[in-house]
Amino acid sequence: MPNHRSALVKTALFALLLGVSSAWAALDADTQKDIERHRAMAAAHEAAAQCLAAGKKHDDCGKQLQAACKGLGIGKYCGMRHEH
C-alpha cells in the first residue's frame, strides 16, 4: 500500500501544481524563493519520516535530516522541533 499512497500523493501534488502555475508567474522573486525553500524543507522532513518508518534509528534519520536541510532551516531541526 505505501506505493499506492505515494502515487496518490504525487498525483495530487501534480494537480495542485497545475492549478497554481498561472498564479506562480504573478509572484515576486522573493516569494518564489520562499516557496521553494518551504518545499525543500518539506521534502527533507518527508524523507526523515520515511527513514523512521523504515525502522532506522532516530539519530541516523536526524543526521540525514540535518544534511538535507543544511542552509535551509534554522537550527539543527530544519525549522521544525517537537517533543520526544
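These legends accompany close-up views of a predicted model.

**View 1**
The predicted protein has 3 helices and 0 strands. Read from the N terminus, the order of elements is α-α-α. Helix H2 covers residues 29–53. Helix H3 covers residues 58–68. The protein counts 84 residues, and 12% of them are buried. Among contacts with a separation of 6 or more, 35% join residues 24 or more positions apart.

**View 1. The largest nonpolar core.**
Which residues make up the largest nonpolar core? They are Met41, Ala44, Ala48, Leu65, Cys69 and Cys78, 6 residues in all. Helix H2 gives the most to this core, with 3 residues.

Met41 is one of the residues of the largest nonpolar core. Helix H2 holds Met41. Is Met41 buried or exposed? Met41 counts as buried because its relative accessibility is 17%, and the limit for buried is under 20%. What does Met41 contact beyond its neighbours within four places in sequence? The partners are Leu72, Gly73, Cys78 and Gly79. Cys78 also belongs to the largest nonpolar core. Take Leu72 as an example of distance along the chain: Met41 and Leu72 are 31 residues apart in sequence. In space, their C-alpha atoms are 6.9 Å apart.

**View 2. The disulfide between Cys51 and Cys61.**
A search of the whole structure finds 1 disulfide. Cys51 and Cys61 form it, with their sulfur atoms 2.0 Å apart. Cys51 lies in helix H2 and Cys61 in helix H3, so the pair ties together parts that are 10 residues apart in sequence. In general, a disulfide is a covalent bond between the sulfur atoms of two cysteines. Why is this disulfide left-handed? The torsion about the S-S bond of Cys51 and Cys61 is about -85°, so the disulfide is left-handed.

**View 3. The salt bridge between Arg37 and Asp34.**
How many salt bridges does the count give? The count comes to 1 salt bridge. Arg37 forms this bridge with Asp34. Their closest N and O atoms are 3.5 Å apart. That distance qualifies because the rule asks for such atoms within 4 Å. Side chains of opposite charge can pair when their charged atoms come close. Arg37 and Asp34 sit 3 residues apart in helix H2, so about one helical turn separates them. Are these residues buried, exposed or partly exposed? Arg37 counts as partly exposed, at 36% relative accessibility. Asp34 is also partly exposed, with a relative accessible area of 34%.

**View 4. Ala67, an exposed residue of helix H3.**
Ala67 is found in helix H3. Is Ala67 buried or exposed? Ala67 counts as exposed because its relative accessibility is 56%, and the limit for exposed is over 50%. How far is Ala67 from Ala44? The two are 23 residues apart in sequence. From C-alpha to C-alpha, Ala67 and Ala44 are 9.0 Å apart in space. Ala44 is one of the residues of the largest nonpolar core.

Methods
Residues are numbered from 1 along each chain as its sequence is written. This is a predicted model: local features need pLDDT of at least 70, side-chain atom pairs count only at pLDDT 80 or more; totals for chains, interfaces and linings use all residues. Side-chain values use heavy atoms; hydrogens and water are left out. Helices (H or I, at least four residues) and strands (E, at least two) are DSSP runs, numbered from the N terminus. Buried means under 20% relative accessible area, exposed over 50%, partly exposed in between (1.4 Å probe, protein chains only). Contact means heavy atoms within 4.5 Å. A nonpolar core is a set of buried Ala, Val, Leu, Ile, Met, Phe, Trp, Tyr and Cys residues joined through side-chain atoms within 4.5 Å. A salt bridge is a side-chain nitrogen of Lys or Arg within 4 Å of a carboxyl oxygen of Asp or Glu. A disulfide is a pair of cysteine sulfur atoms within 2.5 Å.
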